[in-house]
Structures are given as structure tokens and as C-alpha cells.
Amino acid sequence: MQEISKKQARRFMLLKHGLIGDYRFDGKPGALEFVKQAGCIQFDPVDVCGKNAELVLQSRVKGFTKEILHSLLYKDRELVDYFDKQLAIIPTSDWPYFERYRQAAREHVNKYPELLDFYKKAKEYIDKNGAVSSSDLPDEFDVKSNWFSAVNWSAGKNAARAVLEQMYSEGELIVYNKKGTRKYYDLSEKHIPAEILKAADPLPQSLDHLKWRVLRRIGAVGLLWNRPSDAWLGIWDLDSENRKECFRLLQEEKKITVVKVQGVNFPLFYRIEDEPLIKTALSESKLKPRCEVIAPLDCFIWDRKLIKEIFDYYYAWEIYHPPSKRQYGHYVLPMLYGETFAGRLEASVDRKSKIMTVKNIWYEEGFKQTKAFKIAENSCIKRLAKFNDCISFTR
């Protein structure tokens, strides 16, 4: 088993994510490339200084704008909203691999034959009128019933929302567009190529599917261990025994390899195809430090315990904590500089005045605010403001 230092592990993860040195990812092609590398990026609708998925790409993709992601999702259809690690954005080409989840949704709704008439009417209405939000469906959907909360708990007893979200879960609909937090749905067959939409599940055997998902998540994080982790969220049936077997088989098939990181008690794994990045990380080559803010649900920090082990930095997203329980603030972003976390930043955007306010920055104990860092930090904040279409920022 190869042994590497924590410094080398940090360099590898940062190189993998394109967060150190020159930008690995550039423009729209770079944004698509990164999502394909990660498998998925998490979606969250909260927008204080950019939504989570946008912030993930903003930190890595040179010249990234919110329009780039919008275009990849709702014009080019290279990406699609679907469930992966919770609510997520995935490459459209990965659609067939999630057929088992759509099938499970269909089987679930079959328990409620009373809904079939709503389904038929909703499909006919959308086919005739185009994309709709839940408020656009006719008055006959304006009813409440326990059926709907049984089918889709997040929609409560609202018929229109429950029917649309259920049809989305089954793959009948896709998210056609989003305006703010409102989703507009349209028929999938209008927007996803038939060869993708109708493709059979490429991995019908459960264990093969689990292996694919485990490999994907290792690729998303960079280095990952065979331990309970938030990095596995959303993978059905991945208990400890199945996970152990997936790791064993992926090693046997030479798709992953193992390293021992000095000072870390558990072995860590990376994808064989990332071997060139490991070699760069082990070299003495100098990597230009960048200052970047990291999204709260960024795949880089999916495993908080791992980040604590390797970077000696712990981050908790406090948005759902009661104010009295918050150590920092409502929407605070980790701030990275070079090979270390410099601290955390809280910023908010006033959409009317187009001014971004940096409300606070908390630096890590012992972090040295050198002249080079202050220049990089100011550049990072300026990019964050521009990304949010702000004409200036205050701090």
C-alpha cells in the first residue's frame, strides 16, 4: 500500500477539483466537464450569494456565469435535474442508469389507482399547453387529499404539485425551466433524445449498479474511505456489507487503488484514472495558490470528517440551525487559499442595488494573512460579486 503525506493528499484533492494552480476547467465546456467528472452536483434553491450548484462551478470554472449552467440545463439539455445525492444535477447521458429509481416510483404510485385520472389529464394538458408549474394546472387539480401526501410527502396534500413531482420522479416529466424557486415541468420526450430516454438500464444487476455509484462518488470527492459518510447519501441499499463488497470488487477490477495517508487511521481510495494527478501531487512542482469560496454542499466537502482529517478544518452549514445555536452565521462559505482553508466568509447580495456585502470573515487560528493572500482574497471577493451581477461590494 502506497503511503503519502497529508500535504500530498491535500494537493491531490485540490488538483482533482481544479481548485489550485491554473484553472483546469474553462467556460461552458469546462462546466460540463466538471459535472461529468463529479457525476452530480447538488441543487439547493437557497440563494444568498448564489445557489449551491452555481457556487460549485464558480469556484472551479474560469469565466463561469450563472447563464452557463442555465444554458446547459434548459437550452442545450446536456444536464438535467434529477435525484442523485439528494436533489441534484446530472449529465443527461447518465439518465438510463437511474431507471431503477423511476421504476420504483411507478410501482409506488400504482398503489393509488385514484390518481390515474389526474395523471392522464395532467399529461394531456401539458402536451397541449406546454411547460407548467403547479399553479398553472386547471381548477380541477385544486383539491386536497391524503392520497397526494401519501404519494409525495414534500407536496403535502396539494394535488397539482404532488402529481407533477410524482410524474417527474417517474421520468414522465423533466424540469423544463426554473424561475427563482418555481419549477416548470414539461414532457421528457420533448427534450431528451429517444435513444437516451428509452434506453434500458445498463446495469440491471443490483451489485453492478452499486459499484457504479460507489465509483462515481469516489470520483466526485477524489479520496474517499470505506466508512459511513454523507458522500453515500441517495444510494439505495448501500449498507456496510454491500459497500465493503463494492470496494473489494472495484479494487479487484483495478478501477480504484488504495493509499495510506500519514496520520489517518483508515485507508483511502482513489480512481485508477486519476493516477496522473497523484503523480503531480507527489512531485515537488509548485502550484499557484488561488483563493476560492466553497459551496455549502460542494462535493469536495461531502465528507466533513475526511476534510477534518486531511485539512484540519471542520465546516458545518448552519442554515438550518436555530440562530442561538449558530457559531458563525446563516449562510457562511468555507474560504480556501492554496493548500489550506483560510477561514469562512459570509456575504449577501442586494439584488436591487446590485451591491454585495461581505458581512464577516472568520480566519482560522494561526492562519497568516500575507500580502499575497490579501491580494488573492480581494480578487476572490471581486469575482464573487461579479458572478452575482453586482457592480460593487462592501466589506
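Trainee: Is C49 buried or exposed?

Mentor: This is a predicted model, and in it C49 is buried, having a relative accessible area of 0%.

Trainee: How many disulfides does a search of the whole structure find?

Mentor: A disulfide is a covalent bond between the sulfur atoms of two cysteines. Here the search of the whole structure finds zero disulfides, and for C49 the nearest cysteine sulfur, that of C390, is 9.5 Å away.

Trainee: How far is the sulfur of C380 from the closest cysteine sulfur?

Mentor: That distance is 4.1 Å, to the sulfur of C291, and it is too far for a bond, because a disulfide needs the two sulfur atoms within 2.5 Å. C380 itself counts as buried, at 2% relative accessibility.

Trainee: How many salt bridges does the structure hold?

Mentor: Side chains of opposite charge can pair when their charged atoms come close. This structure holds 33 salt bridges, one of which joins the side chains of D47 and R351 at 2.8 Å, N to O. The pair links distant parts of the chain, 304 residues apart, with D47 in the loop between β3 and α3 and R351 in the loop between β13 and β14. D47 is partly exposed at 31%, and R351 is partly exposed at 40%.

Trainee: Which parts does the salt bridge between D84 and R216 tie together?

Mentor: The side chains of D84 and R216 meet at 2.4 Å, N to O; D84 lies in strand β5 and R216 in helix α10, so the pair ties together parts that are 132 residues apart in sequence. D84 counts as buried at 3% relative accessibility, and R216 is buried with a relative accessible area of 9%.

Definitions and conventions. Residues numbered from 1 in each chain as written. Predicted model: local features only at pLDDT ≥ 70, side-chain atom pairs only at ≥ 80, totals over all residues. Heavy atoms only, no water. Buried < 20%, exposed > 50% of the residue type's maximum accessible area, 1.4 Å probe, protein only. Salt bridge = Lys/Arg side-chain N within 4 Å of Asp/Glu carboxyl O. Helix = DSSP H or I, 4+ residues; strand = E, 2+ residues; numbered from the N terminus.
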